[in-house]
Amino acid sequence: MKESYWIVFVVMLGVITVLLINLFQTLTNTDEHNYNLLKETTESAMVDAFDLATYTSTGNIRIDREKFVENFIRRFAEDASLAQKYTIEIYDVHEYPPKVSIQIKTKHTAAALNNEIIDFNIWNRLDAILEIPY
């Protein structure tokens, strides 16, 4: 009888371990996806918002604020996961010199234990500066 308790203990420990690994893998993948999406989208939106007329006339590197926000929202919505709810906060958009500060918040619901829902808040913040090689 003692050996059967050990077998039940080892099986339950294995099940709990697999569930915890799955939870952390899901959270890590969500965080990594959000960060890469934020980084690539910001870079692309800044390049799209580059003001070529100002650059050719004065030589100053400048972006258009409204064009940046429009391109960022459109690009982010195209590639964002439909299973998540995102909150996009754009803190700074400096046109000259081109600098942006953006934060993405995601709430990830992991599990429900004893009628309690466990939520994880994932925040990704990025400060970007546009550099154009001469």
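Leu13 is partly exposed, with a relative accessible area of 46% (buried means under 20%, exposed over 50%, and partly exposed in between, with a 1.4 Å probe and protein chains only). The structure is a predicted model, in which local features need pLDDT of at least 70 and side-chain atom pairs count only at pLDDT 80 or more, while totals for chains, interfaces and linings use all residues. Residues are numbered from 1 along each chain as its sequence is written, and side-chain values use heavy atoms, with hydrogens and water left out.

Leu13 belongs to helix α1, which covers residues 2-48 (helices are DSSP runs of H or I with at least four residues, strands are runs of E with at least two, and both are numbered from the N terminus). Together with Trp6, Phe9 and Val10, Leu13 forms a nonpolar patch on the surface, and the accessible area of these residues together is about 450 Å². Accessible areas come from the Shrake-Rupley method with a 1.4 Å probe, and for residues only the protein chains shown count as cover. Patches are made of residues with over 30% relative accessible area and no salt bridge; like charges are joined within 9 Å, and nonpolar side chains (Val, Leu, Ile, Met, Phe, Trp, Tyr) within 5 Å.

Across the whole structure, a search finds 5 aromatic pairs. The pair of Trp6 and Phe9 is edge-to-face, because the ring centres are 5.9 Å apart and the planes stand at 85 degrees. Rings of Phe, Tyr and Trp (its six-membered ring) pair if their centres lie within 6.5 Å; planes under 30 degrees apart count as stacked, those over 60 as edge-to-face and the rest as tilted. Both residues of this pair lie in helix α1, 3 residues apart, which is about one turn of the helix. Trp6 is exposed at a relative accessible area of 55%, whereas Phe9 is partly exposed at 45%. The rings of Phe50 and Tyr55 have centres 5.6 Å apart and planes at 55 degrees, so this pair is tilted. Phe50 counts as buried, with 18% relative accessibility, and Tyr55 is partly exposed, with a relative accessible area of 25%. Elsewhere, Phe68, Phe72, Phe76 and Tyr86 form one aromatic cluster.

The ring of Trp123 has the charged end of Lys105 over it, 4.5 Å from the ring centre. A charge sits over a ring if NZ of Lys or CZ of Arg is within 6 Å of the ring centre and within 35 degrees of the ring normal. Asn124 is found in strand β3, residues 116-129. Asn124 is buried, with a relative accessible area of 6%. When residues up to four places away in sequence are not counted, Asn124 touches Asp31, Asn34, Tyr35, Leu38, Ile102, Gln103 and Ile104 (contact means heavy atoms within 4.5 Å).

The search of the whole structure also finds 7 salt bridges, each defined as a side-chain nitrogen of Lys or Arg within 4 Å of a carboxyl oxygen of Asp or Glu. One of them joins Arg75 and Asp48, with the closest N and O atoms 2.5 Å apart. Arg75 lies in helix α3 (residues 65-79) and Asp48 in helix α1, so this pair ties together parts that are 27 residues apart in sequence. Arg75 is partly exposed, with a relative accessible area of 26%, and Asp48 is partly exposed, with a value of 30%.

A salt bridge also links the side chains of Arg74 and Glu78, at 3.5 Å from N to O. These two residues are 4 residues apart in helix α3, a separation of about one helical turn. Arg74 counts as partly exposed at 39% relative accessibility, while Glu78 is exposed, with a relative accessible area of 54%. Asp92 and Lys99 form a salt bridge through their side chains, at 3.4 Å from N to O. Asp92 is partly exposed, with a relative accessible area of 29%, and Lys99 is partly exposed, with 26%. A network of salt bridges links Asp51, Arg62 and Glu95.

Glu40 lies in helix α1 and counts as partly exposed, at 43% relative accessibility. Glu40 and Pro98 are 58 residues apart along the chain, and their C-alpha atoms are separated by 16 Å.
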